[in-house]
Amino acid sequence: MSAITRHPPPPAVDPAVLAAFRDVSTATISDCLARMPVLAGLRPFHRGGPLVGTAFTVRVRSGDNLAIHQALEEVRPGDVIVVDGGGDTSRALVGDIMKAIAESRGVAGFVIDGAVRDTAAFAGSDFPCYARDATPRGPFKTGPGAINGPVCVGGWMVNPGDVVVGDADGVVSFPPGDAAALLDAVRAQAAREAEVLEQIRAGRYDGRYARVAKG
């Protein structure tokens, strides 16, 4: 069995911060962060509902989930297991058994840059699961891997302890230190969009949504 490299777990994100982002769309968060922090290519496999939590990061070799199993022994309630699988979809990294383990331990969801299986179990559940694809082929369990180090998922760097938010459009992440300023920005953006929609409904739309914001 190959070694799994471990780093100390990061501080959990303040639950009040996570709660503030529960109803914020990933599109708005992305817009307010220069349209950058998107974990590209991942789609939801669960029935519905938002994902919000603290990134608990895992890096695995292609098609091997030993490090994810070990991560499930260390996660905290509210953590999101974010897996850098290199985008490989030849073997599933998680399925219904690992989903059941994660749920029993209060995990907020899975974000997998790779494949999953047992998709009917996810599709019938509100437990958030985002992945690149699905396959019935199972994984290796020999390692190596790493837990709670920086990972690259969908072309975006995710650090342990980042805030992770997901919805029907996909997944974004950002450092918790950015949360306060970002929350102000997304609230302002939401107000601007509400004003535009009201103008459209009233027949008074002036084309402002097409103009690039200055400043």
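Mentor: Residues are numbered from 1 along each chain as its sequence is written, and side-chain values use heavy atoms, without hydrogens and water. As the model is predicted, local features need pLDDT of at least 70 and side-chain atom pairs count only at pLDDT 80 or more, while totals for chains, interfaces and linings use all residues.

Trainee: Okay, why is D113 called buried?

Mentor: Buried means under 20% relative accessible area (exposed is over 50%, partly exposed in between, with a 1.4 Å probe and protein chains only). D113 has 5%, so it counts as buried.

Trainee: And what is D113 in contact with?

Mentor: Contact means heavy atoms within 4.5 Å. Leaving aside neighbours within four places in sequence, the contacts of D113 include D84, R132 and C152. D113 is found in strand β6; strands are DSSP runs of E, at least two residues, and helices are runs of H or I, at least four, numbered from the N terminus.

Trainee: How do you know that the span of helix α6 agrees with its length?

Mentor: The expected span is 1.5 Å times one less than the number of residues. For the 24 residues of α6 that gives 34 Å, and the end C-alpha atoms are 34 Å apart, so the two agree.

Trainee: What covers the buried residues of α6?

Mentor: The cover includes α1, α2 and β12. Among the buried residues of α6 are L182, L183 and V186.

Trainee: And what follows α6?

Mentor: G203, with a positive phi near 75°.
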